[in-house]
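Biologist: Could you take me through this one, starting with the terms you will be using?

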Amino acid sequence: MRRPRLVSGISIGVLITLLFLLPVLYVVMMAFESPTHFLASPMTPGSPDVSNFGNAWNSADLGPELLNTVLYSVVAAALAVALGLLIAFPIARRLLRGHSLLYTFLFVGLFLPLSIIPVYAEARMLDLFNNRIGYIILHIEQPGLPGLPLAVILLTASIATVPHELDEAAWMEGASYLSYLRRVVVPLTRPALLIAFLYAMLGVWNDIIGPVVLLADPSLAPVTKGIYSFYGSNESQFTLLAAAVVIVSLPVVLLFIASQRQINRASLVGGIKG
Amino acid sequence: MMWGGLLLGVVVYVLFGIVPMVGNVIISFTDYTGLPGEAVHNLGFSNYTSMFSTEAPGFDPAIVATLVFVVAVTLGQNVLALLFAHKLKGSGKFAAAGRLLVFLPIALGVTVVGLVWILIFNSQEGPMTSFFGLFGVHSAFFGADNWAMPLVILVQIWQNVGFSTLVFIGGLRAIDPALYEAAAMDGVRAWQRLRRITFPLLAPSVTVNVMLAVVGAFTTYNLIYVLTDGQYGTQTLGMLSYNVAFGSFEANLGYGAAVSVLLFLITLVVALPMLFLLRRRERRLIG
């Protein structure tokens, strides 16, 4: 009775490791291979060679592209969360008629399909095409990248747990709305804010269609577009490509490990939604 | 101040979230090219009728590719996620590490994930070339007609199964453990417990996951763009819409918009009855 269960538990563990760890480890190994050793025996590691990293860094413009990515994703996500908070507070406190209608209207935003054609048309018309500010504005909210509506949904639920008495006390003291939000609501809703921010940031960070369509100038390219075109021009330099992939992934993987507690918490959100 | 903030937020949402959805429909009735200074004309329904004419190669194969992709991804992603969730729902260290691992592809994003699999399945010195070579099988993988679609489906599942797993874990943890204890006391076998308790009570998570997988598989094409750019039989409707708008020299945004409007309608026609059936199933199972 107990044995088959243990065996199946182990085999799923092996399956997950094989499926999810091995491909990633293989690419890391590849990044440390000298090109000649890799060509000779692609399956076995040779003596570690770090020259791929320097070569990839220098020939792929990864530095400026990473800076672009950080700028776009952090600013767009921060704006999405800030605007989300400004929408969520009146909804959560039911301060307007039709608050539940407005909530539904924003909820729909979670399911809008990726549609880059009209976003491109809008970018052309509003002069948001091929410039940093425009790119950021277009990434606060976009069909298929619902940073803003997700922030509203998560924050509405979170603000509901902040006691009303705190609102009234602040009103009496004559605190301004924004300073009340900043000093009281933000600290008390930090976990929801963080999840909303991480989600929005990851969406912008990993976007590939957006930069290909909305940015033309190579100096504006974020790292996704940069590494994709690097792949286009170095298709058979496998070890170089692998090193570039590792460099590009490192910041996300570190952030991901640092925020694993929040991600586990996000699974609870999934449970509530279900 | 409060109303100003609310207004600002809603204006941004409408302008960049809702207006594009309406704009897409408007563009689909025109010959818009996206080039500044070029006149735009009203074409009526001709973008739509030309999809079904013989002049539009790639449309019929795109319908088939889309359906194959949606069915395979939805089934594969949910079966695998259920299996993973069952093993990773615990609070132990291995379960936590496993959850982190299956979620990793979502953090890495489609570009890195796509390139990882391109490197592994590269047709020159990749490990899969060596592996399949042992069996005398040689292929260009992502560059081969009979391999590209199955591989794209597998990578799409690999990319997204972590999220479905987390949703199932949430659903499994929400089931009252007392139910299992009571059933165990009554001598109910493991398989029966699974069938009588777990599956029925997991119904709401099944609804969420199936809907997410169906809608996602219908509409996203960014991973396909990285892996094959829609070549070798992997051009789904979403990919076709992108390619006629931005991939070719024609810059036919009007036609691309029409394809994506049609895709949206197909998604609704499939997803809404499914949602209805899944909700009815929930009510039947939970009562």
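Modeller: A residue counts as buried if 20 or more other C-beta atoms lie within 10 Å of its own, as exposed if 12 or fewer do, and as partly exposed in between, with C-beta atoms placed from the backbone. This is a predicted model, in which local features need pLDDT of at least 70 and side-chain atom pairs count only at pLDDT 80 or more, while totals for chains, interfaces and linings use all residues. Residues are numbered from 1 along each chain as its sequence is written, and chains are lettered from A and ligands numbered from 1 in the order in which they are written.

Biologist: Fine, then is A:R94 buried or exposed?

Modeller: A:R94 is exposed, because 10 other C-beta atoms lie within 10 Å. A:R94 sits in the loop between α4 (62-92) and α5 (99-108) of chain A, where helices (H or I, at least four residues) and strands (E, at least two) are DSSP runs numbered from the N terminus. The phi of A:R94 is near 50°, which is a positive value in a residue other than glycine.

Biologist: And what is phi for B:Y232?

Modeller: Phi of B:Y232 is near 55°, again a positive value in a residue other than glycine. B:Y232 is in the loop between α10 (222-227) and α11 of chain B, and B:Y232 is buried, because 20 other C-beta atoms lie within 10 Å.

Biologist: Changing topic, how many helices does chain A have?

Modeller: Chain A comes to 15 helices and zero strands. Its C-alpha atoms fill a box of roughly 75 × 65 × 35 Å along the principal axes, and buried residues make up 46% of the 274 residues in chain A.

Biologist: How many residues does each chain put into the contact between A and B?

Modeller: Chain B gives 72 residues and chain A gives 75, two residues being in contact if their C-beta atoms, placed from the backbone, lie within 7 Å. On the side of chain B that touches chain A, α4(B) gives the most, with 19 residues. That side of chain B divides into 47 nonpolar, 21 polar and four charged residues, where Ala, Val, Leu, Ile, Met, Phe, Trp, Tyr, Cys and Pro count as nonpolar, Asp, Glu, Lys and Arg as charged, and the others, Gly among them, as polar.

Biologist: At what angle do α11(A) and α4(B) pack?

Modeller: Helix α11 (residues 190-206) of chain A and helix α4 (residues 93-120) of chain B pack at about 15°, with axes 9 Å apart. Axes are lines fitted to C-alpha atoms, for helices over the stretch in contact, and angles run from 0 to 180 degrees between N-to-C directions.

Biologist: Which residues of those two helices make the contact?

Modeller: A:L202, A:W205 and A:N206 come from α11(A), and B:A107, B:G109, B:V110 and B:T111 come from α4(B). These residues divide into four nonpolar, three polar and no charged.

Biologist: Now B:V73, what does that touch?

Modeller: Leaving out residues up to four places away in sequence, B:V73 touches B:I153, B:Q156, B:I157, B:A213 and B:A217. B:V73 lies in helix α3 (residues 59-88) of chain B and is buried, because 24 other C-beta atoms lie within 10 Å.

Biologist: Last one, how far apart are B:V73 and B:M1 in space?

Modeller: They are 47 Å apart, C-alpha to C-alpha, and 72 residues apart in sequence.
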